[in-house]
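Subject: Structure handover

Hello,

Here is the structure for you to look over. My notes on it follow below.

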Amino acid sequence: MNQSEFVKIITPFKDKVFRLAKRLLVSTEEAEDATQEVLVKLWDKKNGLDKYNSVEAFAMTITKNYCLDQLKSKRAGNLQIVHNNYTDGQAGMQKQLEDRDSLGWVEKIINGLPEQQRMIVQFRDVEQYEFEEIAKMMDMNETAVRVALSRARKTIREFMTKTHNYGIG
């Protein structure tokens with residue numbers, strides 16, 4: 001078995017190996033190391049992989065055993081200390097879904113604003129232009145740009161508050 005055949009076999013499940021390792025070891029770095037070790041073990045056994053009914057199941061078993069060995073080893077004490085203080089910098093799946101949903105709502109609200117307000121929100125909040133630049137582009141007074149932006153943001157805020165509080169009280 002050559003390298004491209006091996007990659008073709010492991011590609012469909014390598015992310016599953018990582019997720020299992022992450023679930024067992026908690027630390028992303030440890031999970032990456034475990035995934036690499038599992039792939040190396042599979043590579044070492046590459047010529048015998050065809051005797052397994054499911055290479056994926058075999059890989060998951062290797063991953064589980066490797067991770068449990070890591071947790072039992074002398075390093076486990078160190079890992080537990082790290083994991084107690086470990087916080088994942090990424091938001092949880094539920095939070096990511098809520099954020100994506102809210103972003104979708106904000107886009108819909110912005111698209112429903114009057115054209116002038118929509119353009120000002122785009123220039124200021126999305127593209128980060130200064131008020132002075134927006135005023136020149138829109139051929140408006142800088143104060144008028146600020147007022148229009150304030151009104152647009154208020155509309156967005158009120159709609160989002162109404163949407164998020166729907167059914168409460």
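What percentage of the 169 residues in the protein do buried residues make up? The figure is 27%. Bear in mind that this is a predicted model.

First, the overall picture. The secondary structure comes to nine helices and zero strands. Read along the sequence, the pattern is α-α-α-α-α-α-α-α-α. Take the contacts between residues at least 6 apart in sequence: 58% of them join residues at least 24 apart.

Next, the aromatic rings. There are four aromatic pairs. One of them joins Phe-6 and Trp-43. Their ring centres are 5.0 Å apart. The planes stand at 80° to each other, and the pair is edge-to-face. Phe-6 belongs to helix α1 (residues 3-10), while Trp-43 belongs to helix α3 (residues 28-44). The two parts are 37 residues apart in sequence, so the pair ties together separate stretches of the chain.

Trp-43 is partly exposed, at 32%.

A further pair is formed by Trp-105 and Phe-159. Here the ring centres are 5.8 Å apart. The planes meet at 45°, so this pair counts as tilted. The pair links distant parts of the chain. Trp-105 sits in helix α6 (residues 93-112). Phe-159 sits in helix α9 (residues 142-164). The separation is 54 residues. Trp-105 is partly exposed, with a relative accessible area of 29%. Phe-159 is partly exposed too, at 32%.

Last, charges over rings. Which residue lies over the face of Trp-43? Lys-46 does, at 4.1 Å from the ring centre. Another charge over a ring involves Arg-146. Arg-146 lies over the face of Phe-131, at 4.0 Å from the ring centre.

Best wishes

Note on methods. Residues are numbered from 1 along each chain as its sequence is written. This is a predicted model: local features need pLDDT of at least 70, side-chain atom pairs count only at pLDDT 80 or more; totals for chains, interfaces and linings use all residues. Side-chain values use heavy atoms; hydrogens and water are left out. Rings of Phe, Tyr and Trp (its six-membered ring) pair if their centres lie within 6.5 Å; planes under 30 degrees apart count as stacked, over 60 as edge-to-face and the rest as tilted. Helices (H or I, at least four residues) and strands (E, at least two) are DSSP runs, numbered from the N terminus. Buried means under 20% relative accessible area, exposed over 50%, partly exposed in between (1.4 Å probe, protein chains only). A charge sits over a ring if NZ of Lys or CZ of Arg is within 6 Å of the ring centre and within 35 degrees of the ring normal. Contact means heavy atoms within 4.5 Å.
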